[in-house]
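Me: I've got a model open and I'd like to learn how to read it. Can you walk me through a few features?

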Amino acid sequence: MNSGSFLSYDERYIWHPYTQMQLVPRAIGVERGEGACLHLSDGRKVLDGISSWWVTLHGHAHPKIAKAIAEQAAKLEQVIFANFTHEPASLLAKRLVEITPDGLDKVFFSDNGSTAVEAAIKMAIQYWTLMGEERTEILALEHAYHGDTFGAMSISARGYFTDPFENYLFRVNRLPFPETNTTSEEQFLVAFRSEAKKKKAAAFIYEPLLLGSGGMLIWRAEILEEALRIAKENDILCIADEVLTGFGRTGTMFASEQAETKPDLMTLSKGITGGFLPMGITMASQKIFDAFLSDDRKKTFFHGHSYTGNPISCAAALASLRVFDEEPVFERIKTIVEAHKEFAPKLAAKHNLQHRQIGTVSVLEPKESTGYLNKKSLEWAAKALDLGLLIRPLGDTLYLLPPYATTRQDLEMAYEVMDRILRVE
């Protein structure tokens, strides 16, 4: 089939996510991926500057992960996970417990980041019900984003994404985001202490160190540590949403490693399979797991998905983790970090922009950002693609979040492209 045929079918039949179909009526065809690049149907090769929505970890079509998927697909493709198990899930659970922060001893499988968050919130609320305590409130950060299902929307920031569903979302106690300045950080901690003392909060959910869809906002590990200590002192369960930040994005395997106090629950997705297949994970402490153990079946955690623990996805995740063991992944991450530090400040100074960076994530934005619906996002993305770079700005906030296969030369090109699109405003 030629590219014109499948693109016409796409235009006729497909409704794309987070896309105003009136403004972007035709999708861009992709034939294949290789390393840090995508090969488009029209023959162009583009650098994937956003890891294809933050999921591609080591690079596109990594041969070790592709091989593991093919081998598993020929052996066992799917089985009910309620009272059955298989080797890939068991080995993956063991490996995740070994590499995640201490105290996360149990692994609950689902199929994407939003469902992993839903499971974590339900675990936290039901935990306190089982403990016989009336703790029903959730603490969450201003500007947070945790997913698009109803529970995940409820704990995310209210705005364009959630306005049509406002009457269906449960109430959350919102804490001010601790921007990196003394006043903002102190306001956050004062508000946190005030809420914690009420002894009504079941859990505090947070994106550790980096809020993604909220604008690639960065907060300090020292403030995270203080917040976790407040939570622990007041018996508030801590839920680290590492769907974006996990697997090296912030410079360490997990962002939670950069704080001494560890979470009670952790959600993982996106890069867990190297970007090959959907998977969600909710890690839980032994204390939380034990609260559900009973001869009374009503105390069961009644939550699950048809593809929970899918063997092929588990095989992909195991293969991705083996890449960390067998290849110099953190050296590649260091290369990306250093390239951002070299190129981004110069570009920011040239165009009078603010710059911030954490790990492999580099952010540039106007000193007075106007938000997600700024039309520059579509204009900049289209111009960058014409110049060989895939980006997806958050309004007038530009960022790069590349696969680990990205080289210094790749990033030099990426910053040259962003310089060009900024010059033609």
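**Reading a helix, a sheet and a loop**

Reply: Start with what covers the buried residues of helix H4: helix H3 (63–73), S4, strand S11 (265–268), strand S12 (280–284) and helix H10 (311–326) are included. Contact means heavy atoms within 4.5 Å, and buried means under 20% relative accessible area, with exposed over 50% and partly exposed in between (1.4 Å probe, protein chains only). Helices (H or I, at least four residues) and strands (E, at least two) are DSSP runs, numbered from the N terminus.

This is a predicted model, where local features need pLDDT of at least 70, side-chain atom pairs count only at pLDDT 80 or more, and totals for chains, interfaces and linings use all residues. Residues are numbered from 1 along each chain as its sequence is written, and side-chain values use heavy atoms, leaving out hydrogens and water.

Me: Which residues of H4 are buried?

Reply: An α-helix has 3.6 residues a turn, so residues three or four places apart point the same way. In H4, the buried ones are Pro88, Ala89, Leu92, Ala93, Leu96 and Ile99. Looking down the axis of H4, they fall within an arc of 140 degrees (taken from the directions from the helix axis to the C-beta atoms), so they line one face of the helix.

Me: What is the strand order in the open sheet of seven strands?

Reply: Strands of a sheet pair through backbone hydrogen bonds, either parallel or antiparallel. Here the order is S4-S12-S11-S10-S7-S5-S6, with mixed pairing; two strands pair if DSSP finds at least two bridges between them. S4 (106–110) and S6 (173–175) stand at the edges with a single partner strand each, so one side of each has no neighbour in the sheet.

Me: How do I read the pairing of S12 with S4?

Reply: Five bridges join S4 to S12, and the two run antiparallel; Val107 stands opposite Met283 in S12. S11 and S12 also run antiparallel, joined by four bridges, with Leu268 opposite Ile281. For a parallel case, take S7 (residues 201–206) and S10 (residues 237–241), joined by four bridges.

Me: Which residues lie on each side of S12?

Reply: In a regular strand the side chains alternate between the two faces of the sheet. Gly280, Thr282 and Ala284 are on one side of S12, Ile281 and Met283 on the other, and all are buried.

Me: And in a loop, is Ile50 buried or exposed?

Reply: Ile50, between strand S3 (45–48) and helix H2 (51–54), has 4% relative accessibility, so it counts as buried. Not counting residues up to four places away in sequence, Ile50 touches Leu390, Ile391, Arg392, Tyr399 and Leu401.
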